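Please examine the sequence together with the three-dimensional structure shown here.

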Amino acid sequence: MHTIINVGRSFGSGGGFVGQAIAKKLDIPFYDNELISQACEENGYSKDLFAGGEKKRSIFSASSFFTSGRISSLDGSYVNDDILFKAQSEVIRAIAEKGDAVIIGRCADYILRDLPCLNVFICGPEEYRIKRLMENEGLTADEAEKLMRRKDRTRETYYNYYTFGAWGQAANYDLCMDSSVLGIEGTADFIIDFGRRAGKIGR
């Protein structure tokens, strides 16, 4: 059984760093948005698809994703968003089929819902996340808060649209953790211990 750990995270919680720590401790591959996009390019998809990232969806039908994959729009941007999601989905499934992996975001928990993955969500109090953003990004408190709320809103919109679920809702994950309690390394250790106890980490 492959060890597949999918990590969702609120912005500023350090979820990406937790994922990196888990991958390092288990000595397994780590995939974030940049590496997944790179893998898509290596599989023949144009790099232009990845320019927009997790853009807000609001005016087009979800049914198009499951039919032709084409959406009518004035500038074609929504077409690219749907193609991007399908490209990333194909690559994420290929990653999971190939071997062990820690995958950050990109609706991986939904894409791999038929596989025995460990799905976790990393969160944290707003004041903790704002402080981390101020320190790591050199932002003022006001700038950090605005960025945090905008990124969370974007991630929530992206996740909810493509999964028909609820981003960050505890019932959707095996484990939700507040990274401010144990810190990055401690959170990673706790997730690994939990995964082993749950039978979803095979080493």
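The model is a predicted one. Its chain contains seven helices and five strands. Read from the N terminus, these elements follow the order β-α-β-α-α-β-α-β-α-α-β-α. The chain has 203 residues, and 47% of them count as buried. Among contacts in the chain with a separation of 6 or more, 70% are made by residues 24 or more positions apart. The accessible surface of the chain amounts to about 10300 Å², and carbon and sulfur atoms account for 49% of that area.

Next come the open spaces. The largest pocket holds about 660 Å³ of space. Its lining consists of 26 residues, and those closest to the pocket centre are Arg9, Phe11, Gly12, Gly16 and Arg155. Two or more lining residues come from each of helix H1 (15-26), helix H5 (126-137) and helix H6 (141-163). H6 makes the greatest contribution to the lining of this pocket, supplying five residues. By residue class, the lining of the largest pocket comprises six nonpolar, 11 polar and nine charged residues.

The chain has one cavity of 30 Å³ or more. The volume of the largest cavity is about 160 Å³. Its lining is made up of 17 residues, and nearest the centre of the cavity lie Gly105, Arg106, Cys107, Tyr159 and Trp167. At least two lining residues are supplied by each of E1, helix H4 (108-111), strand E4 (118-123) and H6. Here E1 gives the most, with four residues. The lining of the largest cavity divides into nine nonpolar, three polar and five charged residues.

Asn6 lies in strand E1, which spans residues 4-9. Is Asn6 buried or exposed? Asn6 counts as buried because its relative accessible area is 2%, and the cut-off for a buried residue is under 20%.

Which residues surround Asn6, once its neighbours within four places in sequence are left aside? Asn6 is in contact with Ile103, Ala108, Asp109, Leu112, Cys117, Leu118, Asn119 and Val120. Asp109 is 103 residues away from Asn6 along the chain, yet the C-alpha atoms of the two residues are separated by 5.7 Å. With Asn119, the link runs between side chains: the side chain of Asn6 makes a polar contact of 2.8 Å with the side chain of Asn119.

Terms used. Residues are numbered from 1 along each chain as its sequence is written. This is a predicted model: local features need pLDDT of at least 70, side-chain atom pairs count only at pLDDT 80 or more; totals for chains, interfaces and linings use all residues. Side-chain values use heavy atoms; hydrogens and water are left out. Buried means under 20% relative accessible area, exposed over 50%, partly exposed in between (1.4 Å probe, protein chains only). Contact means heavy atoms within 4.5 Å. A polar contact is a pair of N or O atoms within 3.5 Å; within protein, one must be able to donate a hydrogen and the other to accept it, and residues adjacent in sequence count only if both atoms are side-chain atoms. On a 1 Å grid over the protein atoms alone, a cavity is a set of points where a 1.4 Å probe fits but cannot get out, and a pocket is an open set with protein on both sides within 12 Å along at least five of seven lines; lining residues have an atom within 4 Å of a point. Grid points are joined across faces, edges and corners, and a volume is the space filled by probe spheres set on the points. Ala, Val, Leu, Ile, Met, Phe, Trp, Tyr, Cys and Pro count as nonpolar, Asp, Glu, Lys and Arg as charged, and the others, Gly among them, as polar. Accessible areas come from the Shrake-Rupley method with a 1.4 Å probe; for residues, only the protein chains shown count as cover.
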